[in-house]
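Let's take a friendly walk through this model, one chain at a time. The sequence and structure come up next.

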Amino acid sequence: MTKLLASARRVKTGDRPLTFFALILPFLAAAAAPILTRILKHNAAWVLALAPLWIFSHFCGMLGAIAGGGTVSGGFDWIPSLGVRFSWYMDGLSLTFALLISGIGTLIVLYSGGYLKGHEHQGRFFSFILMFMGAMQGLVVSDSFLMLFVFWELTSITSFLLIGFDHRREASRRAALQALVVTGLGGLSLLAALLVVWSATGQNELSTLLASGNVLRESPFYLLALILLLGGAFTKSAQFPFHFWLPNAMEAPTPVSAYLHSATMVKAGVYLLMRLNPVMGDTAPWETILPLFGGATLFVGTLLAVRQTDLKLMLAYTTVGSLGLLVMLTGFGSETAVEAAVLYLIAHSMFKGALFMVAGLVDHETGTRHISSLSGLRGAMPITFTAGLLAALSMGGVPLFFGFLAKEEIYAALAIGGGWATLALLVALIGNVLMFAIGFTVGLKPFIGPMGNAPKKAHEGPILLWLGPLVLALSGFAAALYSPLAHHLLSSPMASAVAGQSLTVEISTLPHIGAPLFLSALTIVLGIEAYLTQAKLRAGMVSLLAAIGWGPDRGFDQAMRGLVRLAVRVTRIVQNGRLDFYLTVVFIAVALALLVPMIMFGELPSMPSWPDLRFYELTVMAIAVIGLGAVVYAKDRLTAIVSLGIQGFAVALLFMLLGAPDLSFTQFMVETLSVVILALVMTRLRLAVTEHRPFGQKALDITVSTACGVAFALLLLKVTQLPFDATLSSFFEAHSKAIAHGRNIVNVIIVDFRGLDTLGEISVVMIAGLSILALIRVRAKGHEKVKTTRQEQAPCEH
Amino acid sequence: MEPAFAVLVGLFFAVAIYLMLSKHVIRILLGVAIFGNAVNLLIFTSGRVMREVAAIIPEGATTLAGPVANPLPQALILTAIVISFSFFAFLLVLAYRAYQELGTDDTDGMRVAEPEGEPLPPIGY
């Protein structure tokens with residue numbers, strides 16, 4: 001039984017059992033999804049969406065407490081002996097993420113209902129997406145490192161399942177595997193980072209780590225922890241040069257692209273950086289590496305977006321760019337930069353989620369996502385047009401929209417002078433201009449102009465499809481309209497959590513005269529210019545990329561191919577199909593295992609004195625030795641078989657001489673049977689028993705077998721020189737007659753004391769007998785098959 | 001007496017392993033048979049050896065009159081002899097059938113499951 005833990009140092013406002021229920025509810029819904037979908041078809045979406053909706057409302061109940069500067073935490077003991085707890089911790093950062101996940105999740109579940117209507121695996125899809133929701137939600141509210149890591153990996157796995165959802169296409173399978181390999185390697189890096197942090201600070205929970213101040217920053221392991229952490233964060237958040245998996249992940253159905261690969265999962269890396277900013281930020285490596293990689297990602301991502309002609313791919317590359325922007329801002333670490341990152345993150349989740357759903361909706365209704373085939377849809381799809389336009393306005397940073405607030409704050413954070421910041425400002429300006437152009441290419445261009453030549457006759461989609469994008473796009477507008485409230489509830493608490501100190505976001509939609517406003521206006525002007533000349537820009541990018549040729553995406557293929565080749569090569573060395581090789585390795589290992597410790601620990605036996613043997617004992621031993629020698633040197637089959645019999649009977653005689661009559665009888669019978677059967681079988685095989693091993697082979701074999709023989713002899717000598725523990729033997733001797741009423745102690749042990757072992761032995765004999773029978777009887781049937789196989793193989797052997 | 005047995009056991013192991021390292025199934029079989037004897041003698045000797053006195057309680061008595069050979073390794077070996085014999089019989093039939101199907105007793109020629117020169121596995125996703 002787990003025990004509810006009370007923790008006095010934290011402010012507790014949440015209802016613990018309910019929060020725990022909120023954490024597992026997505027998984028319960030995932031389990032129920034296939035059955036519900038079988039009964040209700042696509043309308044199961046309405047029922048399943050209740051789960052994230054309830055979670056959303058539960059988290060909304062915490063808004064007041066957290067806006068007031070409090071935190072919500074709770075948990076259960078998980079593995080008390082290791083000090084591991086199942087614990088959650090929510091401040092402004094976690095709560096904003098949790099609300100985005102459950103809120104957008106509700107809309108996505110509904111959207112999937114319409115998008116995959118009639119798909120044979122729709123139930124499976126609901127199941128996967130709800131599982132992802134549970135994992136992502138767990139990730140952002142986790143307090144203990146172990147939970148954080150487990151949920152982090154779960155998001156990678158569910159992402160793999162969702163990208164590969166259409167598993168019949170090779171491109172999907174490749175993209176799924178690529179995402180798993182890249183983010184999975186990042187996950188290992190994160191695990192290492194968490195272990196380093198744990199050992200450096202002694203903390204294994206985020207809440208206590210955040211309260212530990214400068215401990216981590218001043219630790220000698222800081223740089224190691226930082227680099228490992230960035231390995232996890234950069235792969236997950238698709239930072240250059242690990243960005244390539246994200247556009248490929250667009251192979252997934254559009255709800256997945258909208259949810260995982262723009263609004264939530266890819267922000268997990270950013271979440272991690274923001275989460276640890278108070279304890280890891282504000283250092284030279286942090287403020288160098290993050291802006292550098294973030295800036296490069298922003299630059300590369302938006303430039304690559306321009307060359308795309310597929311709506312989803314354009315959005316995917318701008319997502320890469322946006323993630324770069326977020327990492328860059330987090331790296332700057334100034335108060336304004338943190339506020340800008342927070343605002344942009346919230347804005348991006350809303351407008352990018354909406355635009356993805358618009359792109360999917362257009363694709364769903366027209367049958368194409370190619371920009372040149374799409375135009376003039378405004379009449380046929382007015383609601384989609386509204387949602388797309390509103391989202392594009394927010395993405396473009398036009399006043400009155402939430403994206404504008406974010407953009408103003410970004411410029412305010414970067415327009416501070418100095419070479420470093422000016423370079424970043426320039427990159428941000430270029431990125432924003434291009435994102436403006438892309439936003440309108442997706443949200444405006446398909447809807448205006450004359451009717452395009454789309455494969456399907458377009459008309460407005462069902463409510464399930466347009467509800468999601470419309471609500472998200474409108475909320476971007478509403479959040480800007482009621483910006484003081486949005487800042488009070490979301491932005492300010494989140495910014496405070498990221499900065500590690502109390503911050504108040506104050507920016508509103510009213511234009512403030514100054515450098516940021518000028519830069520915003522410049523962005524819009526240049527953005528319109530870029531939108532109008534995008535065909536030329538695209539052609540330029542295409543020729544530039546053709547000139548570069550190689551990219552990490554092709555590198556991934558090369559790496560995978562190299563891995564397969566390496567695996568084949570290693571397998572051919574260690575599993576070459578040669579029995580004598582395997583046996584040689586095994587016996588070398590046996591000899592080493594016996595000899596090395598004996599020599600290393602000085603446990604070699606002492607030199608024994610000449611044994612007191614009677615002449616007949618010596619004679620029997622000599623017979624055994626002669627038998628052994630004769631087996632090795634026998635020139636024909638019969639001699640070999642007879643010699644085998646000689647050593648066997650000599651052993652039987654030895655047993656007889658040494659007080660073991662039962663063994664002796666059994667050995668006599670078994671040896672007789674062996675010789676008879678062997679003679680019967682061997683005379684049927686037209687084979688010479690002699691062999692000619694090449695000299696080198698022979699030398700090796702003799703060395704190995706001699707080493708093993710010497711090793712066993714030394715072992716046995718050492719064993720017999722140690723004092724003998726007769727406890728067991730004495731027990732059997734004392735109780736054989738008294739308890740088991742048998743005088744022959746050996747027999748009593750076999751049939752009584754260890755009767756179950758004997759049963760096992762009989763079973764082995766029976767199984768061997770059955771196998772022999774089977775081997776003989778399958779002959780008639782199996783004969784043809786093996787023969788044909790051999791003929792097929794024949795050319796390979798020559 | 002044990003040192004003499006230790007040397008004998010070592011010799012049994014050496015011969016058995018030398019035979020098992022052969023490429024010919026028949027030689028491997030002979031090696032396996034000898035290997036069983038080697039292991040049995042190893043167990044027997046590590047339980048210490050004693051001349052002629054079997055572990056049998058005299059008629060009418062409830063305990064032993066004097067020291068006897070250690071019964072425990074004998075019980076173990078009795079099981080081991082039977083199992084190694086069944087194993088040997090199985091291997092023998094297996095070798096015989098393999099020879100019938102493949103026409104060779106050379107282990108290098110038995111490559112149906114792992115053919116030589118296999119092409120690379122398909123590189124795809």
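What radius of gyration does chain A have, and what would a compact globule of 798 residues have? Chain A has 37 Å, while such a globule would have a radius of gyration near 28 Å. The radius is taken over C-alpha atoms, and the globule rule is 2.2 Å times the number of residues to the power 0.38.

## About the model

This is a predicted model, in which local features need pLDDT of at least 70 and side-chain atom pairs count only at pLDDT 80 or more, while totals for chains, interfaces and linings use all residues. Residues are numbered from 1 along each chain as its sequence is written, and chains are lettered from A and ligands numbered from 1 in the order in which they are written.

## Chain A

Chain A holds 33 helices and two strands; helices (H or I, at least four residues) and strands (E, at least two) are DSSP runs, numbered from the N terminus. Its C-alpha trace spans about 115 × 65 × 60 Å along the principal axes. Of its 798 residues, 50% count as buried (20 or more other C-beta atoms within 10 Å of the residue's own, with C-beta atoms placed from the backbone).

## Chain B

Chain B has three helices and zero strands, running α-α-α from the N terminus. The radius of gyration of chain B is 22 Å, well over the 14 Å that the globule rule gives for 125 residues, so chain B is more spread out than a compact globule. Its C-alpha trace spans about 75 × 35 × 30 Å along the principal axes.

## Where the chains meet

The contact (C-beta atoms, placed from the backbone, within 7 Å) takes 95 residues from chain A and 85 residues from chain B. Helix 29 (residues 695-721) of chain A gives the most to the side of chain A that touches chain B, with 14 residues.

Terms used. Buried ≥ 20, exposed ≤ 12 C-beta atoms within 10 Å, placed from the backbone. Contact = placed C-beta atoms within 7 Å.
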